[in-house]
Amino acid sequence: MAIATIDPTTGKTLRTFNALSAPELEARLQLAADTFRSYRQTTFAERARWMRRAAELLDAEADRYGRVMTEEMGKPLEAAKAEARKCATACRYYVQKAEGLLKDRPVEVGGDTAFVRYQPLGPVLAIMPWNFPFWQVVRFAAPALMAGNVGLLKHAHNVPQCALALEELFLQAGFPAGAFQALLIETADVNRVIEDARVRAVTLTGSEAAGRAVGAAAGKAIKKVVLELGGSDPFIVMPSADLDKAVETAVSARLINNGQSCIAAKRFIVAEPIAQEFERRFVERMKRVTVGDPMDPKTDVGPLATQGILKGLHAQVEESVKAGARLLLGGKPLERPGNFYPPTVLADPPPGAPAFHDELFGPVATLLRARDVEHAVELANATPFGLGASVWTRDAAEQRRFIDGVDAGMVFVNEMVVSDARLPFGGVKHSGHGRELADLGIHEFLNAKTVRIAAGAGAAPQGPLSE
């Protein structure tokens, strides 16, 4: 696919980019390897100074960065500016926490001295998606750079200006040239980079199909890989829930990022006694959503990122209705330029229909009815994915059952699922493996080196060189 900025609001191609030639790619890989040898010796204080400056730039330039995001992938401008500012919070989190998270961990082994020392691996390849074109990258880059690794970004083909803006960001913040580089390359060249001996690990956020391909390539090359893939996240509502708050949050949870989020709520599993009322309120609230130009502050939902995504989503809706799902709202692309799909509500799809268990990446909600708590758990788990789950109940016993019983990497009770630099992020089953953010995220791409020093062998080393 062409590396290009195609305005999803109009369908017009605004700018195209040439992919790196083989010599250009080789030069960037060598620069990453050369930079790592010196960068790993920098101190936490130096890295913190640069990362703090990156946070300041993200805040100061949020409007400019937001416009680039909206132009390339269509999210409402205010949400795009908020994304830039959220990136700044992740940078600051690791400025404050990285040194403590990477301190030597003592281990009691008797008379000897033993500890675990955390050391960077080297250049890490990040294959990132278009839907959160800054946040997905920074939540990898901030911990990786603070840990002493260097980053190589292969961004989605439709957000090249975001990729270049992020490379510029880290350079302006003071990081050495080569510490973070954007690779404008074709998908066909990704395996070559994964196989390259200078690249030490891989992280991917993307589709299940992309995860299978990248995971296989990394496995063949015997390299660590973190996979953050799709989700068909349940939003469970029980009779004791605050229904007003649950309905309002449900709409936000489904339509965040124009419905194009791996952790957006997609399947709304509602207890029978309140299902009809929830359905009525939910549909009525979805009707009031404003679809339009993402640059307009009055817009709630902008266009989908590409024509391919729109066509794929509509095919899933049509197949679900054909299988027996009730269409309560929407269901057809809007007749206007761009990639606009209306807020859509499907109800009671049968098992096997896409809306029952697959990920629908756009503003399409599925309503399912649960007989009781156990049936709700069963429905929540009736999908190959296991990323996040939102549970609405004020009953403590029900909360415990959902926390323990739902197969997901994250369970949020009486609030929508969100990513937060302070909390580990990731899933199970076909939603991938490994974790981003918090302490687990910074440890993913480190060598946890075991050190044991015999008693009487002399003074133990007093910490890594980067202290």
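This is a predicted model: local features need pLDDT of at least 70, side-chain atom pairs count only at pLDDT 80 or more; totals for chains, interfaces and linings use all residues.
**Entry 1: H9 against H10**

I started at a helix pair: Leu243, Asp244, Ala246, Val247, Glu248, Ala250, Val251 and Leu255 in H9 meet Ile274, Glu277, Phe278, Arg281, Phe282, Arg285 and Met286 in H10. By class I get 10 nonpolar, no polar and 5 charged residues in the contact of H9 with H10. My classes: Ala, Val, Leu, Ile, Met, Phe, Trp, Tyr, Cys and Pro are nonpolar, Asp, Glu, Lys and Arg are charged, and the others, Gly among them, are polar. Contact here means heavy atoms within 4.5 Å.

Residues are numbered from 1 along each chain as its sequence is written, and side-chain values use heavy atoms, with hydrogens and water left out.

Helices (H or I, at least four residues) and strands (E, at least two) are DSSP runs, numbered from the N terminus. H9 covers residues 243–255 and H10 residues 272–287; they pack at an angle of about 50° with axes 10 Å apart. The axes are lines fitted to C-alpha atoms, for helices over the stretch in contact, and angles run from 0 to 180 degrees between N-to-C directions. That makes H9 and H10 oblique to each other. The cut-offs: under 35 degrees is roughly parallel, over 145 roughly antiparallel, 65 to 115 roughly perpendicular, and the rest oblique. I also looked up the hand, and the crossing of H9 and H10 is right-handed. A crossing is right-handed if the near helix is turned clockwise from the far one by less than a right angle, and left-handed if anticlockwise.

**Entry 2: H13 and its surroundings**

I moved on to H13 (residues 373–380) and H14 (residues 396–405), whose axes come within 10 Å and cross at roughly 25°. H13 and H14 are therefore roughly parallel to each other, and H13 passes H14 in a right-handed crossing. On the H13 side I listed Val373, Glu374, Ala376 and Val377, which meet Glu398, Arg401, Phe402 and Gly405 in H14. The contact of H13 with H14 has 4 nonpolar, 1 polar and 3 charged residues.

How many of the residues of H13 are buried? I find 6 of its 8, namely Val373, His375, Ala376, Val377, Leu379 and Ala380. Buried means under 20% relative accessible area, exposed over 50%, partly exposed in between (1.4 Å probe, protein chains only). The buried residues of H13 pack against E10, E11, H12 (354–357), E14 (364–370) and H14.

E10 pairs with E11 (residues 265–271) in the parallel sense over 5 bridges, with Ile236 opposite Ile269 in E11. Two strands count as paired if DSSP finds at least two bridges between them.

Leaving out residues up to four places away in sequence, Ala271 touches Val237, Met238, Pro239 and Ala370.

I traced 6 strands in an open sheet, in the order E7-E6-E5-E8-E9-E19, with mixed pairing. Its edge strands are E7 (180–182) and E19 (432–433), each pairing on one side only. Inside this sheet I checked E8 (residues 201–205) and E9 (residues 224–228), which pair in the parallel sense over 5 bridges; Ala201 stands opposite Lys224 in E9. H1 (residues 22–39) lies across E5 (123–127), E6 (150–154) and E7, at about 155° to E6. H6 (residues 160–172) lies across E6 and E7, at about 160° to E7.

The other sheet is E3-E4-E20, open and antiparallel. E4 (residues 113–120) and E20 are joined by 8 bridges, and the bridge partner of Gln119 in E20 is Asn447.

Most residues other than glycine have a negative phi. Asn258 has a positive one of about 60°; it sits in the loop between H9 and E11 and is buried at 0% relative accessibility. Asn414 also has a positive phi, near 60°, in the loop between E17 (410–413) and E18 (428–429).
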